[in-house]
Amino acid sequence: MSNEWVHEYDRPFMADPLVIVEELLAPAFAAVAGGDMAVDPVVRPSDRADAQANGALALAKQLGRKPREVADDVVAAAVLTGKATLEVAGPGFINVTFDEGFLAEQLAALTTDDRLGVRSVPNPQRVVVDYSAPNIAKEMHIGHLRTTVIGDALVRILGFVGHTVIRENHVGDWGTPFGMLIEHLIDLGETEAAAGLSVGDLDGFYKQARAKFDSSETFQDRARKRVVLLQGGDPETLRLWRLLVDLSMKYFNRLYRKIGVLLTDDDLAGESMYNDLLPEVVERLRAAGLLQQSDGAEVVFPPGYTNREGEPLPLIVQKRGGGFNYGTSDLACVLDRVERVKATLLLYVVGAPQSQHLAMVFDVAAMAGWLQPPARAVHVAFGNVLGSDRKMLKSREGEPVRFVDVVDEAIERATASVREKNPDLPGDEQTDIGRMVGIGALKYADLSTDRIKDYVFDWDRMLAFEGNTAPYLQYAHARIRSILRKGAEAEAQTPRASAEGSGPTLVAQERELILQLLQFDAAIHDTLDRYSPHRLCTYLFDLAQSFTSFYEACPVLKAEPRTRALRIRLCEQTARVLAQGLDLLGIEAPERM
RNA sequence: GCGCCCGUAGCUCAAUGGAUAGAGCAUUUGACUACGGAUCAAAAGGUUGGAUGUUCGAGUCAUCCCGGGCGCGCCA
């Protein structure tokens, strides 16, 4: 699934040598192709050289010629003086080796660019990101971790490349459970209930209500009547409902702030918000001639879906008896986002099990003409969090693991390990660092694997200072900051030399690090192309590894002036990219740890 | 039964149809009075669940199997 909006860029700043070489190769390909044949050079990173272009193979096929000869012709026609040298290899690949001067120039440009080389999109979209979506008066569990963390990262990255991002927290604040919840609230007494809910005992509250509902017919009756009152707009019922919503949101907001998630009350777009739109949804579907009656319900049959019996599967928009359900509300949501919010890209950060439902909603919205190009919706699906037994992560009691408990334990564990490894730091700084490391580790564990797959939750692995983890990246960053602090002190005595001019030959580790730094832009856009934050994680980890290799092999502060200037520049730039990259993932980078 | 997703080293994971499938952990071997060793260098570890096919080229695409997970009409 290609993302055409993310593929077209402004080019006020082009740092990535791969992009530059690709552009320079394009005319050579065109010349060899002749006519108006369009062939992409396809330049990519390679283990065999700095980069590799393999477009000659496709071109050869089109021309009916031998691939290596075509590649030879392209190389002969290409003008890359001062930038790179080309060599034909293998079946017809063109290996690219960048000139050192070129790399140095690009690095210099990069270090003065406040966007770190990341291009912004020329045609910013209004993007709605639907994520987190807890249920009112119900505890957030581990499943909410994924949508919250992935959604928040996407919000940050989309914003960074220039899109207008509208966060929407589609909280579950409506429906039949509110009958029993409100009745339970009345039974408990408002003050009593408020006390319990404000300390976050949402689970207890919900379970007590549920237990009463399951065991008492009179309570069931009260709950049902209360639902009718709620939907009828009874003021007292609405007041009680509002109380439940407010208490829960206060609790959720506290959690969001604690872990650095951007959502606030301004982003609330709960199910209740779409109530007034529901009749309109049905009417408009009717007007469009899409509505059918089936078993007493008003339904739409999008083509291509079947039920157990192999019969067409409907999306129910009005239940037997006249009530609306979640399909209706999801359609209202699409309508609202397209028509009122005027969004052109709708991202749903929702678990994979809902893929069929969402696909049906999107199809119906498209059939009704509400979701028309350029507007479109994407289900950013994700898999489950598993325990070490490879089954859905559960607490010892067999219940879903509470979100807050996971956060607290992450912070606790990280703080303990910071205290142990850095006992000399002041206590409050240890606490602060422990929080950043713990939350970072938790988020990174979630973000660093392909979102569509299930992942195995493992405290020791995510909090390790080795491997593809947040602590490793944070440590690499802190280490660089330390060097730079020392460097700054030294400089106060002897001013820094310029890094310009023909310096000494780059050593392999310097070269590798420069190439990595120049690919931040590619990593960002690659991430957005698939809405997969793990691509950014992989990039940052590779960068950190390149840095530590460089660091072992290349003394910075002890180097002779010109080399030292270059190496300090590499340190500075690496620190900037690491900090920025982590920030885009919603992770803080401490100065020391 | 139908549909969707997943299956890659002992473990946890990468790999926009490109050469010899890469990392980390664990294992083994090196490098410490260090610009922060919370590290680095290296070794070993693979029939990419299986089989056909498409392609100059397949972990990737198609078809069919085998495993696992999740969905499949009035809950959200």
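Visitor: By class, how does the surface near RNA strand B divide into nonpolar, polar and charged residues?

Guide: The class of a residue is read from its type: Ala, Val, Leu, Ile, Met, Phe, Trp, Tyr, Cys and Pro are nonpolar, Asp, Glu, Lys and Arg are charged, and the others, Gly among them, are polar. Here the surface near RNA strand B holds 28 nonpolar, 26 polar and 18 charged residues. Bear in mind that this is a predicted model, in which local features need pLDDT of at least 70 and side-chain atom pairs pLDDT 80 or more, while totals for chains, interfaces and linings use all residues. Residues are numbered from 1 along each chain as its sequence is written, and chains are lettered from A and ligands numbered from 1 in the order of writing.

Visitor: How many residues surround RNA strand B, and which are the closest?

Guide: A residue is near the strand if its C-beta atom, placed from the backbone, lies within 6 Å of it. RNA strand B is surrounded by 72 residues, and the closest are Ser294, Asp295, Asp450, Gly467 and Ser482.

Visitor: Which helix or strand gives the most to that surface near RNA strand B?

Guide: Helices (H or I, at least four residues) and strands (E, at least two) are DSSP runs numbered from the N terminus. The most comes from H21, with eight residues; among the elements that each supply at least two residues are helix H3 (55–63), strand E4 (93–98), helix H18 (470–493) and helix H21 (534–553) itself. For the chain as a whole, the secondary structure of chain A comes to 22 helices and 13 strands, and its C-alpha atoms fill a box of roughly 85 × 70 × 40 Å along the principal axes.

Visitor: What share of the residues of chain A counts as buried?

Guide: Burial is a count: a residue is buried with 20 or more other C-beta atoms within 10 Å of its own, exposed with 12 or fewer, and partly exposed in between. By that count, 45% of the 593 residues of chain A are buried. Ile20 in helix H2 (residues 17–33) is one case, buried because it has 20 C-beta neighbours inside 10 Å; in space Ile20 lies 9.2 Å from Lys83, C-alpha to C-alpha, although the two are 63 residues apart in sequence.

Visitor: At roughly what angle do the axes of helix H7 and helix H9 cross?

Guide: Axes are lines fitted to C-alpha atoms, for helices over the stretch in contact, with angles from 0 to 180 degrees between N-to-C directions. The axes of helix H7 (residues 177–188) and helix H9 (residues 202–215) come within 9 Å and cross at roughly 105°. That makes H7 roughly perpendicular to H9, a label for 65 to 115 degrees, as against parallel under 35, antiparallel over 145 and oblique for the rest.

Visitor: Which residues of H7 meet which residues of H9?

Guide: A contact means C-beta atoms, placed from the backbone, within 7 Å. Met180, Leu181 and His184 in H7 meet Phe205, Gln208, Ala209, Lys212 and Phe213 in H9, and the residues of this contact divide into five nonpolar, two polar and one charged.

Visitor: Where do the axes of H6 and helix H16 stand, and at what angle do they cross?

Guide: The axes of H6 and helix H16 (residues 427–447) come within 10 Å and cross at roughly 90°, so H6 is roughly perpendicular to H16. Leu145, Arg146, Val149, Ile150 and Ala153 of H6 make the contact with Lys443, Asp446 and Leu447 of H16, and by class it has five nonpolar, no polar and three charged residues.

Visitor: What is phi of Ala133, and what is phi of Asp295?

Guide: Most residues other than glycine have a negative phi, and most peptide bonds are trans. Phi of Ala133 is positive, near 45°, and Ala133 lies in the loop between strand E5 (126–130) and helix H6 (142–160), where it counts as buried because it has 21 C-beta neighbours inside 10 Å. Asp295 also has a positive phi, of about 50°; it is found in the loop between strand E7 (292–294) and E8, and it is exposed because 9 other C-beta atoms lie within 10 Å. As for peptide bonds, the one from Pro373 to Pro374 is cis, with omega near 5°, and Pro374 lies in the loop between H14 and strand E11 (376–382).

Methods
Two residues are in contact if their C-beta atoms, placed from the backbone, lie within 7 Å.
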